[in-house]
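Keep the sequence and the coordinates side by side.

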Amino acid sequence: MKYLKFLLPLAIFLVLVGFLMRGLSLDPREVPSPLINKPAPAFALAGLEKPDTTFKRDDMLGKVWLLNVFASWCVACREEHPLLVEFSRMKMLPIYGLNYKDERIAGMKWLASFGNPYEASLYDHDGRVGIDYGVYGVPESFLIDAKGVIRYKQIGPFTPESIETKLIPLVQQLKKEAGI
Amino acid sequence: MTPTLRVIAAWLAALFLVIGLSAANANEAAPAVADPVLEARMLAITAELRCLVCQNQTIADSHADLAIDLRQQVRELLQKGMTDQQITDYMTERYGDFVLYRPPFKSTTVLLWVGPGVLLVLGLLGLVLVLRRRSRMPEDRFDAEEPEGPQDQAPAA
């Protein structure tokens with residue numbers, strides 16, 4: 001009982017330190033998306049390079065695919081882009097680009113100079129599709145399964161580690177689920 | 001009129017013309033707030049929503065591109081006749097409860113809402129227990145220590 005007077009504040013202090021330590025390793029900028037395990041929002045967008053072709057969400061049904069949001073004005077995209085180009089060479093799944101709030105010419109030039117990992121790029125000039133997908137910090141990527149359900153969202157650029165440890169195993173799992 | 005005066009008069013006339021024209025243009029820019037009622041509703045809704053880019057600002061306050069787009073989106077949704085609740089739902093469907101400055105009461109937020117109240121009750125309970133125990137102590141427990149602790153007394157005025 002006598003020691004309680006000293007031990008109790010110490011215990012409370014240690015619990016507090018524990019919480020604060022945990023807080024250091026959390027990233028407040030990473031907002032969990034409510035779209036995980038929900039059907040990907042529908043869209044119908046013109047292509048970036050081919051303005052007269054339309055891409056719809058339902059065109060992708062039956063495929064496991066990655067939607068990567070990028071823009072020529074986005075600095076972090078430049079960091080991520082070589083990794084995507086390299087990843088696309090593995091031909092694990094089709095990658096589609098969502099050219100977010102960009103100018104057509106700038107987006108095309110950007111792809112021409114940094115490489116084009118995309119099956120096709122969709123041109124979201126006014127950012128409406130971006131809003132539907134809850135995009136708030138480019139680059140972002142959505143991994144969508146064969147049923148059209150979003151299974152994973154990467155906020156911010158992929159790193160070699162996150163591609164290796166998160167993306168690739170998940171793609172393999174989703175392809176197995178779909179029997180591809 | 002001397003030639004110099006005439007030149008000055010011409011310049012003044014040109015100046016007034018330019019001012020007049022820019023004033024006319026300023027009037028043309030007004031439709032940005034064509035519907036003050038709608039704008040007020042939009043601001044009331046977005047003042048409750050957190051901007052995801054600058055996370056400590058509301059969407060109403062922020063100058064981030066996304067916030068500007070979302071304000072426009074809210075205007076359009078209001079024009080379509082959506083209610084405030086429907087618009088708030090529209091935002092949480094996309095960005096999660098994180099966008100709400102007033103988080104909803106549910107299983108994951110119980111600690112957030114109830115925590116302060118529970119702490120207050122626990123504190124009061126502790127205080128009552130300590131006071132009751134002290135009131136049951138004999139008087140001399142307090143008197144005996146008093147001469148040793150003059151620093152606890154209020155300073156003389």
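The model is predicted. Begin in chain A. Here 5 strands form an open sheet. Their order is β5-β4-β3-β6-β7, and the pairing is mixed. Two strands mark the edges: β5 (120-124) and β7 (150-155) of chain A. Each of these edge strands pairs on one side only. Neighbouring strands in the sheet are turned against each other by 20 degrees on average, direction ignored.

Now look at β3 and β6 of chain A. Strand β3 covers residues 65-70 and strand β6 residues 140-144. The two run antiparallel, joined by 5 bridges.

Next, the charges. Side chains of opposite charge can pair when their charged atoms come close. Over all chains, the structure holds 12 salt bridges. Some of them are worth a visit.

Start with Arg128(A) and Glu76(B), whose side chains meet in a salt bridge at 3.0 Å, N to O. Arg128(A) lies in helix α4 (residues 128-132) of chain A, and Glu76(B) lies in helix α3 (residues 65-79) of chain B, so this pair joins two chains. How accessible are the partners? Arg128(A) has 32% relative accessibility, so it counts as partly exposed. Glu76(B) is partly exposed as well, with a relative accessible area of 23%; the cut-off for buried is under 20%.

Stay on helix α3 of chain B. Arg75(B) meets Glu39(B) in a salt bridge, 2.9 Å from N to O. Glu39(B) sits in helix α2 (residues 36-46) of chain B, and Arg75(B) in helix α3 of chain B. The two residues are 36 apart, and the pair links distant parts of the chain. Are they buried or exposed? Both Glu39(B) and Arg75(B) are buried.

Another bridge in chain B connects the side chains of Asp97(B) and Lys106(B), at 2.6 Å, N to O. Asp97(B) has a relative accessible area of 29%, so it is partly exposed. Lys106(B), with 38%, is also partly exposed.

Finish with a network. Salt bridges link Asp132(A), Glu93(B) and Arg94(B).

Methods. Residues are numbered from 1 along each chain as its sequence is written. Chains are lettered from A and ligands numbered from 1 in the order in which they are written. This is a predicted model: local features need pLDDT of at least 70, side-chain atom pairs count only at pLDDT 80 or more; totals for chains, interfaces and linings use all residues. Side-chain values use heavy atoms; hydrogens and water are left out. A salt bridge is a side-chain nitrogen of Lys or Arg within 4 Å of a carboxyl oxygen of Asp or Glu. Helices (H or I, at least four residues) and strands (E, at least two) are DSSP runs, numbered from the N terminus. Buried means under 20% relative accessible area, exposed over 50%, partly exposed in between (1.4 Å probe, protein chains only). Two strands pair if DSSP finds at least two bridges between them. Axes are lines fitted to C-alpha atoms, for helices over the stretch in contact, and angles run from 0 to 180 degrees between N-to-C directions.
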